[in-house]
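Welcome, and take a moment to look around before reading on. The notes below walk through the two chains one topic at a time.

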Amino acid sequence: MGSVLSRPERAVDYVPETVTRSVKLLVAGNFGVGKTTFVSSVSEIKPLRTEETITEASVGIDDMVGLPGKVNTTVAMDFGRITLNPQLALYLFGTPGQQRFVPLWEELARGALGALVLVDTRRIEKADEVLSVLEERGVPYSVAVNRFEGAQSYPLDEIRDALDLTPDTPLTALDARHRGTCLQSLITLVEFLFHRVETRR
Amino acid sequence: MTRSRRDPDLVRAYVRTGGRLRPTRELDLVTLVIAKSDPTPGAAPDVVRVMNLCSRRGALSVAEIAAYLDLPPSVVKILVADLMDSEHLVTPTPAENLPEIALLEEVLNGLRALPA
């Protein structure tokens, strides 16, 4: 975060004039799971980045050993936008899933329709933390496995067991570089959110 | 004392926002705003930057303003809330809120209609 000159100017992609409403979905997952790639694949604008400084407990953070108390960390969030109809814009926020970024989560989770959790089968245990953070905040979610090239492909049933997902939690597979598979996972998420609200009524 | 007593980021946010740490109204990262009038002459540099960005062709969300101006969203919220209080910025959002189910249906239809 610096001066006006710290980063090259880019053309501003304004929201179309007809848009009067905006909603957000979270694309959650751990570092390197493909959140930014996913957002790039579906966004109609080149993804944007914001940075927020949060204060977190330093316990357990390797490079802060010996510095007790609290530290400030800059957390970057990449996000994109899709105009869904002339009146409605959808924002997708790539959201780091770690428990230590919870201060940021409070803000992101408020008003979010739901979250798509991206999972890497090579580091599946990392997903537990993300799922816990969402559950604690009552953010409804679906899960999508990002199929990395060269990674062993597991049946979705095994992944469902490994993640201990409830039977109604949607689980899909996608390639974060391929728009079609990403959109399909978003559709599956919103169908789930829709039916959830419908059943509750 | 191994660390500075004051948090430089908080100090900077404090200075940039005229001494406040909280916005005057509830704003979300995706709250849309659009310029209604020119900035007041002599306004603070960050205020002028927000107004210059917003005063062209259409609306932007709080998150987009933060990204384009390279400012933390927490600071942008305070600036935008002030500019809404002074009616320099307005939100195009209609007053009535759609029920969640209607909104979800609209999102679903929109996603299904996108070209793969």
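Over which residues of chain A does pLDDT stay under 50, with 4 contacts in the model beyond four places in sequence? That stretch is residues 61–67 of chain A.

The average pLDDT of chain A is 87, and 88% of the residues score at least 70. Where pLDDT is low, the predicted coordinates should not be read in detail.

**Inside chain A**

Now turn to strand S4 (residues 88–96) of chain A. Since 9 of its 9 residues are buried, S4(A) is largely enclosed by the rest of the structure. In a regular strand the side chains alternate between the two faces of the sheet. Both faces of S4(A) are covered: one side has Leu88(A), Leu90(A), Leu92(A), Gly94(A) and Pro96(A), the other has Ala89(A), Tyr91(A), Phe93(A) and Thr95(A), and all of these are buried.

Strand S1 (residues 21–29) of chain A runs parallel to S4(A), and 9 bridges join the two. Within this pairing, Leu25(A) is found opposite Leu92(A) of S4(A).

Helix H1 (residues 35–42) of chain A has buried residues too: Lys35(A), Phe38(A), Val39(A), Ser41(A) and Val42(A). Viewed down the axis of H1(A), they fall within an arc of 160 degrees, so they line one face of the helix.

**Getting to know chain B**

Chain B has 5 helices and 3 strands, arranged from the N terminus as α-β-α-β-α-α-β-α. Of its 116 residues, 34% are buried. Taking contacts in chain B between residues at least 6 apart in sequence, 68% join residues at least 24 apart.

The strands of chain B form an open sheet of 3 strands in the order S2-S1-S3, paired antiparallel. Its edge strands are S2 and strand S3 (89–90) of chain B, each pairing on one side only. Strand S1 (residues 32–35) of chain B meets S2(B) in an antiparallel pairing over 2 bridges, and there Val33(B) has Leu60(B) of S2(B) as its bridge partner.

**Where the chains meet**

How many residues of chain B are in contact with chain A? There are 40, and they touch 43 residues of chain A. The elements below each supply at least two residues of the side of chain B that touches chain A.

| Element of chain B | Residues |
|---|---|
| Strand S2 | 60–61 |
| Helix H3 | 62–69 |
| Helix H4 | 73–85 |
| Helix H5 | 100–112 |

H5(B) gives the most to this side, with 11 residues. By kind, the residues of the side of chain B that touches chain A comprise 23 nonpolar, 6 polar and 11 charged.

Key. Residues numbered from 1 in each chain as written. Chains lettered and ligands numbered in written order. Predicted model: local features only at pLDDT ≥ 70, side-chain atom pairs only at ≥ 80, totals over all residues. Helix = DSSP H or I, 4+ residues; strand = E, 2+ residues; numbered from the N terminus. Buried ≥ 20, exposed ≤ 12 C-beta atoms within 10 Å, placed from the backbone. Contact = placed C-beta atoms within 7 Å. Nonpolar A, V, L, I, M, F, W, Y, C, P; charged D, E, K, R; others polar. pLDDT = per-residue confidence, 0-100. Pairing = 2+ DSSP bridges. Arc of directions from axis to C-beta.
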